[in-house]
Amino acid sequence: MNHEEIKRYFENNPPPKEVVWTPWAKITDTQVFLKSCYIGINNFNGLIERCPAWWHLRDFYLLIKRSTIQKAASSEPTVSLEETVSEIENSTAEEIQEQEEEASNL
């Protein structure tokens, strides 16, 4: 998945205005965060895999995607984003790829 596909996803499925990513990282305006990532990616000279804005956008996308899937699967009104971040950090690239494919098939 590239940043243009993620951008289209967020245009069609806007994230909540505020997201508590971790206990020490809270995004108070997700639209500003996303715009910052898109600008950083567009202005980066080099391999996209080395762009910090790309990694932030990708991790945020995975977090929102997983929390949406978990929220739909559970009867609880909220999802612990800390647990989701922990799962992301402990996942291998292959596991993340498989989960993205599963999520796109829903």
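Guide: The angle itself runs from 0 to 180 degrees between the N-to-C directions of two axes, which are lines fitted to C-alpha atoms, for helices over the stretch in contact. What you're looking at is a predicted model, where local features need pLDDT of at least 70 and side-chain atom pairs count only at pLDDT 80 or more, while totals for chains, interfaces and linings use all residues. Residues are numbered from 1 along each chain as its sequence is written, and side-chain values use heavy atoms, with hydrogens and water left out.

The protein has five helices and two strands, and reading along the sequence gives α-β-β-α-α-α-α. Here helices (H or I, at least four residues) and strands (E, at least two) are DSSP runs, numbered from the N terminus. Of the 106 residues, 35% are buried, and that word means under 20% relative accessible area, with exposed being over 50% and partly exposed in between (1.4 Å probe, protein chains only). Among contacts with a separation of 6 or more, 52% join residues 24 or more positions apart; contact just means heavy atoms within 4.5 Å.

Now zoom in on α3, residues 52–73. This helix has 22 residues and spans 32 Å from its first C-alpha to its last, close to the 32 Å expected. That expected span is 1.5 Å times one less than the number of residues.

Pair one is α1 (residues 3–12) with α2 (residues 30–43). Their axes sit 11 Å apart at an angle of about 160°, and α1 and α2 are therefore roughly antiparallel. The crossing of α1 over α2 is left-handed; that's the name when the near helix is turned anticlockwise from the far one by less than a right angle, and right-handed is when it's clockwise. On the α1 side you'll find H3, I6, K7 and F10, facing L34, Y38, I41 and N42 of α2. Sort the residues of that contact by class and you get five nonpolar, two polar and one charged. (Ala, Val, Leu, Ile, Met, Phe, Trp, Tyr, Cys and Pro count as nonpolar, Asp, Glu, Lys and Arg as charged, and the others, Gly among them, as polar.)

Pair two is α1 with α3. The axes of α1 and α3 are 11 Å apart and the angle is about 45°, so the two are oblique. Again α1 passes α3 in a left-handed crossing. H3, I6, Y9 and F10 of α1 make this contact, together with W54, L57, R58, F60, Y61, I64, K65 and T68 of α3. The tally here is eight nonpolar, two polar and two charged residues.

T30, F33, L34, C37, Y38, G40 and I41 from α2 meet A53, W54, H56, L57 and F60 from α3. By class, nine are nonpolar, three are polar and none is charged.

Now for some residues around this part. E11 belongs to helix α1 and counts as exposed, with 54% relative accessibility. M1 sits in the segment before α1 and is partly exposed at 47%. M1 and R58 are 57 residues apart along the chain, yet their C-alpha atoms are separated by 8.8 Å. In the loop between α2 and α3 you'll see R50, which is exposed at 66%. Leaving out residues up to four places away in sequence, R50 touches F44 and W55.

Definitions and conventions. Angles under 35 degrees count as roughly parallel, over 145 as roughly antiparallel, 65 to 115 as roughly perpendicular and the rest as oblique.
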